[in-house]
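Welcome! Here is a short tour for anyone meeting this protein for the first time. Please take a look at the sequence and the model before reading on.

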Amino acid sequence: SGGFGPAGPGPQPAAGFRPVAHPTTLVQFQVCAITREGDHVTVVGSVPALGCWQPSGTRVRLRTEAGEYPLWTGEMEAPSGVPVEYKYVIWNEHSGEFKWETDIGNRMFTPEGVSVVLEDGRFNVERARLLDREQRKVAVDSEGCTSHRCNEYIDVKVSMDARDVIYLVSFRLPLQVCRNDVTGAYSFDWHPGLGGGASRRQAMYVIERLRKLRTRVQIWYIGWLGLDIPPEDQDAVAETLKRDFQCLPVFLPPAMAKDFRDFCDEVLRPIFHFIAPTNSEHCSSFNKGPDAAAA
């Protein structure tokens, strides 16, 4: 009585049953923050590990050292593929004051793969994202494996103007589409990206990474809408998306769309996101280049 749990034991797993653990990603936060005595930099956000937007509930408290200040860093394990919105918050242990990032919108990312480093620039300042990065040094540990903690990168300045065009080809367009069952009319909007499903996570990632760039150059998206569009409607839909969203839709028959979605989720996604070298021999092959890895 008075509790929130089940009234009694639920169904027991069959003998020999082993639940499959959801893959996780090690996320490292990095931000430069000017602080004073008694200040602590934390990460507060939309998932339980980050307090569900309650500073008192976050489990991620960043740290710094004399040789690294004002850079603050911290880590957490996050379920892979689950979108996260967050902000940095400075809490002073003497006054109890919380200082939020009020000048920018929510930061966001989707953890993918084994690990990801979020280099977020300065506290309360949205960091501009450049098109490319150049690797300056590759660190190799005693086992012959590359170490992401020691690798160094430098930003590469890319000169682009309004005449340049970038074509982004993906399985799904970063749009949400609705069809009125009564009138048959279609409505489109940029995908909010929140919720489950690989397509939603991909949409959020695309919009977040390119929203600044779209103000400087032309970006055209090419992909499937996620909905079967009858042949008689395809020309009108294509014209609307071209005019209003700079999107070029690919109209796939339902059976083909299902087969390709299954191929992406079951083959391509695990290969590129969740499989990592597990021994020094494999790591050495990757370090030597694609030809050695293929051998």
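Is arginine 107 buried or exposed? Arginine 107 is buried, because its relative accessible area is 8%, where buried means under 20% relative accessible area, exposed over 50% and partly exposed in between, for a 1.4 Å probe and protein chains only. Please keep in mind that this is a predicted model, in which local features need pLDDT of at least 70 and side-chain atom pairs count only at pLDDT 80 or more, while totals for chains, interfaces and linings use all residues. Residues are numbered from 1 along each chain as its sequence is written, and side-chain values use heavy atoms, with hydrogens and water left out.

**Around arginine 107**

- Arginine 107 belongs to strand 6, residues 107-109; strands (E, at least two residues) and helices (H or I, at least four) are DSSP runs, numbered from the N terminus.
- From its side chain, arginine 107 reaches the backbone oxygen of valine 125 at 3.4 Å.
- Neighbours within four places in sequence aside, arginine 107 has contacts that include Val84, Tyr86, Tyr88, Asp120 and Val125, contact meaning heavy atoms within 4.5 Å.

- The mean pLDDT of the protein is 75, with 65% of its residues at 70 or more; pLDDT is the predictor's confidence in each residue, from 0 to 100.

**The nonpolar cores**

- The largest nonpolar core has 21 residues, of which Phe29, Leu62, Met76 and Tyr88 touch the most other members; such a core is a set of buried Ala, Val, Leu, Ile, Met, Phe, Trp, Tyr and Cys residues joined through side-chain atoms within 4.5 Å.
- At least two residues of this core come from each of strand 1 (24-32), strand 2, strand 3 (71-79) and strand 4 (84-92).
- Strand 4 gives the largest share of this core, four residues.
- Another core, of 14 residues, lies apart from it and includes Tyr186, Phe188, Val217 and Ile229.

**Aromatic rings**

- There are nine aromatic pairs in the structure; rings of Phe, Tyr and Trp (its six-membered ring) pair if their centres lie within 6.5 Å, and planes under 30 degrees apart count as stacked, over 60 as edge-to-face and the rest as tilted.
- Phenylalanine 29 and tyrosine 86 make an edge-to-face pair, because their ring centres are 5.5 Å apart and their planes are at 65°.
- Phenylalanine 29 is in strand 1 and tyrosine 86 in strand 4, so this pair ties together parts 57 residues apart in sequence.
- Phenylalanine 29 also forms an edge-to-face pair with tyrosine 88, at 6.4 Å centre to centre and 90° between the planes.
- One aromatic cluster is formed by Phe29, Tyr86, Tyr88 and Phe109.

**A hairpin**

- Strand 11 (residues 175-179) and strand 12 (residues 186-190) run antiparallel and are joined by five bridges; two strands pair if DSSP finds at least two bridges between them.
- Leucine 175 has tryptophan 190, in strand 12, as its bridge partner.
- Six residues lie between strand 11 and strand 12 in this hairpin, and glycine 184 in the turn has a positive phi of about 80°.

How values were computed: Polar contact = N/O pair within 3.5 Å; in protein donor to acceptor, adjacent residues only side chain to side chain.
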